[in-house]
Amino acid sequence: MLFQSQISYDKGVPQKSFRIENDSSSLVGRFLRNGFAHDVWVVYSDTESEPAENWFFANGLLEKIEKITESGRKLSTVI
């Protein structure tokens, strides 16, 4: 399987929360009613109980990606 997704739309605009997953990880996030990305999107690995990455959005724009290493250290990339 390449990937599987669950996204709800209203008149072509993504709504509420979504999930995109493949055999090894899942991306979970939320949209505002205007379709903008909202809050923090999280990547979960199927082998770990804690998030592997956090994607931070403000006003629909990606601001930062935070990757959590196996040792628990957080590496951030500001966009």
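1. Setting aside neighbours within four places in sequence, G35 is in contact (heavy atoms within 4.5 Å) with V13 and P14. The model is a predicted one, in which local features need pLDDT of at least 70 and side-chain atom pairs count only at pLDDT 80 or more, whereas totals for chains, interfaces and linings use all residues. Residues are numbered from 1 along each chain as its sequence is written, and side-chain values use heavy atoms, with hydrogens and water left out.

2. G35 belongs to the loop between β3 (25-31) and β4 (37-45). With a relative accessible area of 18%, G35 is buried (under 20%; exposed is over 50% and partly exposed lies in between, for a 1.4 Å probe and protein chains only). One of its contact partners, P14, is 21 residues away along the chain, yet the C-alpha atoms of G35 and P14 are separated by 5.1 Å.

3. Q15 lies in strand β2, which covers residues 13-21. The relative accessible area of Q15 is 14%, and Q15 therefore counts as buried.

4. Which backbone oxygens lie 3.3 Å and 3.1 Å from a polar atom of the side chain of Q15? The backbone oxygen of V13 is at 3.3 Å, and that of R33 is at 3.1 Å.

5. Apart from neighbours within four places in sequence, Q15 is in contact with S8, Y9 and D10, and also with F31, L32 and R33. V13, in turn, is in contact with G35, and its backbone oxygen lies 3.3 Å from a polar atom of the side chain of Q15.

6. On secondary structure, the protein has zero helices and seven strands (DSSP runs: H or I of at least four residues, E of at least two). From the N terminus on, the elements follow the order β-β-β-β-β-β-β.

7. Along the principal axes, the C-alpha atoms of the protein fill a box of roughly 45 × 30 × 20 Å. Buried residues make up 23% of the 79 residues of the protein. Among contacts in the protein with a separation of 6 or more, residues 24 or more positions apart account for 3%.

Methods:
Polar contact = N/O pair within 3.5 Å; in protein donor to acceptor, adjacent residues only side chain to side chain.
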